[in-house]
Amino acid sequence: MDVANLASQLNAGLILPEGIVIITLLLVLVVDLIQGRKANRVTPYIGIGGLLASLGAIAFQWDNPVSNAFLGSFSSDPLSLVFRAIIVLSAMVTIMISIRYVEQSGTSLGEFITILLTASVGGMVLSGANELVTIFVALETLSISSYLLTGYMKRDPRSNEAALKYLLIGASSSALFLYGVSLLYGLSGGQTELVAIATNLAASDQSLGLVIALVFVIAGVAFKISAVPFHQWTPDVYEGSPTPVVAFLSVGSKAAGFALATRMLITVFPLLTDEWHFVFTALAILSMVLGNIVALAQTSMKRLLAYSSIGQAGFVMIGLIAATEVGYASMLFYLFIYLFMNLGGFACIILFSLRTGTDQISEYAGLYQKDPLITLGLSLCLLSLGGIPPLAGFFGKLYLFWAGWQAGLYTLVLVGLFTSVISIYYYIRVVKMMVVKEPQEMSEVVKNYPKVTWDLPGLKSLQVALVLTVVATTLIGILSNPVFTLATDSVNNTPFLKLDLARTGTQPVAVLPEAIAPANPL
Amino acid sequence: MESAQFPWLTAILLLPLVAALPIPLIPDKEGKTIRWYALGVGLIDFALMIYAFGSQYLLQSADVQMSETYNWLPQIGVSWSLAVDGLSMPLVLLTGLVTTLAMLAAWNTTEKPKLLFGLMLLMYSAQTAVFMAQDLLMFFLVWELELVPVYLLISIWGGPKRLYASTKFILYTAIASIFILVAALSMAFYGVEPGQAVTFDMQALGMKDYPMGLEMLLYAGFLVAFGTKLSVFPLHTWLPDAHGEASAPGSMLLAGILLKMGGYGLLRFNVEMLPEAHIKFAPILAILGVVNIVYGALSAFAQDNLKRRIAYSSISHMGFVLLGIAAYNSLGLSGAMLQMVSHGLIAAALFFLSGVAYERTHTLKMEKMSGLAKQMPIAFALFTAASMASLALPGMSGFVSELAIFLGFATDTAYSYGFRVVVVFLAAVGLVLTPMYMLSMLRRVFYGDLKLKLDGFDASPREIFIALCLLVPVIGIGVYPKLATNLHDVKTEALATRVQAELPAFAQKQQGTLFSQQLTAPTLAEADFARID
């Protein structure tokens, strides 16, 4: 059997996006090795280019009818394509905003990009993994690269501390997850493929063992999406790690976690749907309440965003628990816009800390006078995270709450609404710091603010990333119709979700013909 | 394109918003260009409104008119849907007038002028959109759109306690607006079978028949949301702070238009869409209205700060709106509508003139001000005129509207005689208190010896112009009320008919309940019908 034949049998073309990223990361390594210091001019753009190509490959696969590859262990259905696109995009923006940051810290840029790309490959494979071993290998690829990234500023003790904390907690959560997975393997009579496990479990009566397996799996997943009470690592790791890494962890890694949760819980545990919905409801409520309330007390911008990202994960879970077509679609939509608003916020924070060397909230006082661009960008991104119209975050939350209310999750939606009011309070506190303070109340660092230039190497790409994310944050909400249609389509065309929707009997919601009737002026 | 087909309302809504976008790019450090730009946009938009309503709006019709519906987010049943009727059209015009004048009032702002005028344009759009939106979720969106501009308007250009006031404002408003969303979702999903369409069209939602329990809950939710905006006791505490601390143009917008959003919401949602629950809640509205009138008037007495006193007078005047809404007849509803328009003009004038005084004296403490009349005779005359309008002097618009509300409520035979007597008596007490605190305010600020060294002279032509633009309509409506009532009368009558249609059925169904003592027998309600005709 020759290679081409084998490849076609395995449907290997479906991992083309991952392949492109792997080739890119090898290329980055080699160029970095050959060119040495000079490579810093090239490697980031190789990385960005590779990720763009990968994004193109993902778009190209959209209409591909055959979604299973590698004998069913990897599936490239529309859902995984959307998640992979989110991860690729977040990796791309992260590279764009990290160039200057990494160079200024004096560490090697090539290695940073390599590890970041490795993490992305892990996340991408995880989004489509359909088999226990693949899932675990992908999960560990993502995790181990993340540990390396958090400790990347090796001269900074805080970064080292963050890496160690992340490693220890992460390793134990991986162990829990692995234990849960091994239980599934045993209970299903030695199956590793998710669908086969579900079939075998349905045939046998293993309720207690299954519940235990479910608990362990949820623990592993909740760690990745940093849901309360599995969130303890988040603030410390976010505070200590290099800021671009935090940006990636809060978006890319979280999206991968949600991909895993969606695929694994829905496919493997249809028997325990009520149970895992119940657990996730508790996690969501705890995350929304604790994340948003503790964020009130934060003085460091990175910690603020850490807690806010915990709260945001709680909002996203509403879509997952709603378990309707609109619910899953709104989850995808929210993750997609969360990508832009969160990374836009991080781009501003990185820029500010590059210019001033701090990320204390109080140091932002009076920034409006000195740097209107950061002020505008950060204000828009934070207000969008708080759900202020007409920014994207408002529409994201509207979709989630709409879906939640329709599915009858009244408590969840009410908690979500009240906590998002709380979140407005702490987001707007930062805006107030920047915009409202008068010239005499300016903080010391803002008083000595350097002249705004974009000449230094790497700042241009940061500027581009900032402007792009902020524009996306502003406009995607108002023009959300095509994006939401895309999300709905991906839910409808994903076999396992279609199966789940058919099983629970939720019908898609049609729209009144009157509601879309053309204008009839008097 | 024929003028009938042109999307006038969308154009009116979007013009200020789109015009606000390029403001950061306009090269202008001093704010000299920006203010002309913003004022020009405001005027053009106001002219657009007048032209569009003048040529397209039919006064004889009680239905929504000039509807424009476009597909927006069909997946969740939201459409871009605008229309006006008698409830919204006068308020849209009021918005155009007051916002444009507020921009003129902010003429000499030197601090962050770009941001100020940008926010004002943004608010211009948001306010008109609130009154025109016909889709409940779109309404919620534009309602929330107001939040951050007002927050910044108070917290940047406000008085010494501006941060406290603005934070209080945003928390109150944001929490209250949760109720709108929850009520909207409940209304839209009620009775929708799986697979059936969900719509947020307000007309369609108003047609639905909700079970009584749900309707009461919905009503209560809307009441909390709009009551907070309208500063109904006990949800009013944000108002004196916000109105007192905001700069004069900010207060003009807050008192002139934002308060009216609450009253409009009550009429549009509570009365029009949930008439059955309205019958049950109306006595409570009447009681709350009286509490507002008396409480606002008494609190106004205790205020030493000029703007806070005016702010409490607003609370008192909003009580009349509630009282008018509580009446089941068209006279009361029409009075409530007129009171909103009239108060929008008067309060804007009062806040503007107190800003004029503040610019000269740099204080709002009335004990520190005195004797301004000699130095600023023109401003004194204008302020006196505005105060007279506020205390409902005959010949001014406030008199007409409050009289209509009194008559409307007093002649409403659906309430028991005793209830009416008590309510009208207490409201009349409030009416007596108003001249007392208004006149004492005038005395303390303008009479006596001059204590302060004034910074500047009498009102400038620009300031006189702004005050006149607000006061001339006040006197015009006072002399010939039909000027304003013409715009909404057909609608309020239709509204009253709709409410009364629920009345007999309700009185029959609910015999022996708590409110049956206040509601007389069905036969009396039939007398109401006769009167309407």
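Visitor: Let's start with A:Ala323. Is that residue buried or exposed?
Guide: A:Ala323 is buried, at a relative accessible area of 8%. Keep in mind that this is a predicted model.

Visitor: Where along chain A is A:Ala323 found?
Guide: In the loop between helix 13 (301-322) and helix 14 (325-356) of chain A.

Visitor: What about phi of A:Ala323?
Guide: Phi there is positive, about 55°, although A:Ala323 is not a glycine. Most residues other than glycine have a negative phi.

Visitor: And in chain B, which residue other than glycine has a positive phi?
Guide: B:His362 is one, with phi near 60°. B:His362 sits in the loop between helix 14 and helix 15 (372-375) of chain B.

Visitor: Switching to cis peptide bonds. What does A:Pro229 join up with?
Guide: A:Val228, through a cis peptide bond with omega of about 5°. A:Pro229 belongs to the loop between helix 9 (207-224) and helix 10 (233-240) of chain A.

Visitor: Which residues does a cis peptide bond join in chain B?
Guide: B:Phe233 and B:Pro234, with omega at about 0°. B:Pro234 is placed in the loop between helix 9 (212-230) and helix 10 of chain B. As background, most peptide bonds are trans.

Visitor: On to the interface. How many residues are in contact between chain B and chain A?
Guide: 51 residues of chain B contact 47 residues of chain A. The area buried between the two chains is about 4500 Å². Carbon and sulfur atoms give 74% of that area.

Visitor: How many salt bridges between chain B and chain A?
Guide: The count is one. The side chains of B:Arg162 and A:Glu438 meet in a salt bridge, at 2.9 Å from N to O.

Visitor: Now the holes. How many cavities of 30 Å³ or more in the whole structure?
Guide: Six. The largest cavity has a volume of about 180 Å³.

Visitor: Which residues lie nearest the centre of the largest cavity?
Guide: A:Gly387, A:Leu417, A:Ser420, B:Phe140 and B:Glu144, out of 17 lining residues.

Visitor: What classes of residue make up the lining of the largest cavity?
Guide: Eleven nonpolar, four polar and two charged.

Visitor: And what is the volume of the second largest cavity?
Guide: About 80 Å³. The lining of the second largest cavity has 14 residues, with B:His317, B:His343, B:Ile346, B:Ala347 and B:Ser390 nearest the centre. By class, the lining counts five nonpolar, eight polar and one charged.

Visitor: Which helix gives the most to the lining of the second largest cavity?
Guide: Helix 14 of chain B, with six residues. Helix 13, helix 16 (377-390) and helix 17 (397-410) of chain B are also among those supplying at least two each.

Visitor: Pockets next. How much space lies in the second largest pocket?
Guide: About 810 Å³. The lining has 36 residues, and B:Trp157, B:Gly158, B:Ser247, B:Ala248 and B:Tyr358 lie nearest the centre.

Visitor: Where does the largest share of the lining of the second largest pocket come from?
Guide: Helix 14 of chain B again, this time with five residues. Other chain B helices supply at least two each, including helix 6 (147-157) and helix 19 (461-479). The classes in the pocket lining come to 14 nonpolar, eleven polar and eleven charged.

Visitor: Is B:Asn270 buried or exposed?
Guide: Buried, with a relative accessible area of 0%. B:Asn270 is in helix 11 of chain B. Beyond its neighbours within four places in sequence, B:Asn270 contacts several residues, including B:Tyr219, B:Phe222, B:Pro275 and B:His278.

Visitor: Last one. Where does A:Ala53 lie?
Guide: In helix 3 (residues 43-60) of chain A. A:Ala53 is partly exposed, with a relative accessible area of 38%.

Note on methods
Residues are numbered from 1 along each chain as its sequence is written. Chains are lettered from A and ligands numbered from 1 in the order in which they are written. This is a predicted model: local features need pLDDT of at least 70, side-chain atom pairs count only at pLDDT 80 or more; totals for chains, interfaces and linings use all residues. Side-chain values use heavy atoms; hydrogens and water are left out. On a 1 Å grid over the protein atoms alone, a cavity is a set of points where a 1.4 Å probe fits but cannot get out, and a pocket is an open set with protein on both sides within 12 Å along at least five of seven lines; lining residues have an atom within 4 Å of a point. Grid points are joined across faces, edges and corners, and a volume is the space filled by probe spheres set on the points. Helices (H or I, at least four residues) and strands (E, at least two) are DSSP runs, numbered from the N terminus. Ala, Val, Leu, Ile, Met, Phe, Trp, Tyr, Cys and Pro count as nonpolar, Asp, Glu, Lys and Arg as charged, and the others, Gly among them, as polar. Buried means under 20% relative accessible area, exposed over 50%, partly exposed in between (1.4 Å probe, protein chains only). Contact means heavy atoms within 4.5 Å. Buried area is the accessible area (1.4 Å probe) that two parts lose on being put together, summed over both. A salt bridge is a side-chain nitrogen of Lys or Arg within 4 Å of a carboxyl oxygen of Asp or Glu.
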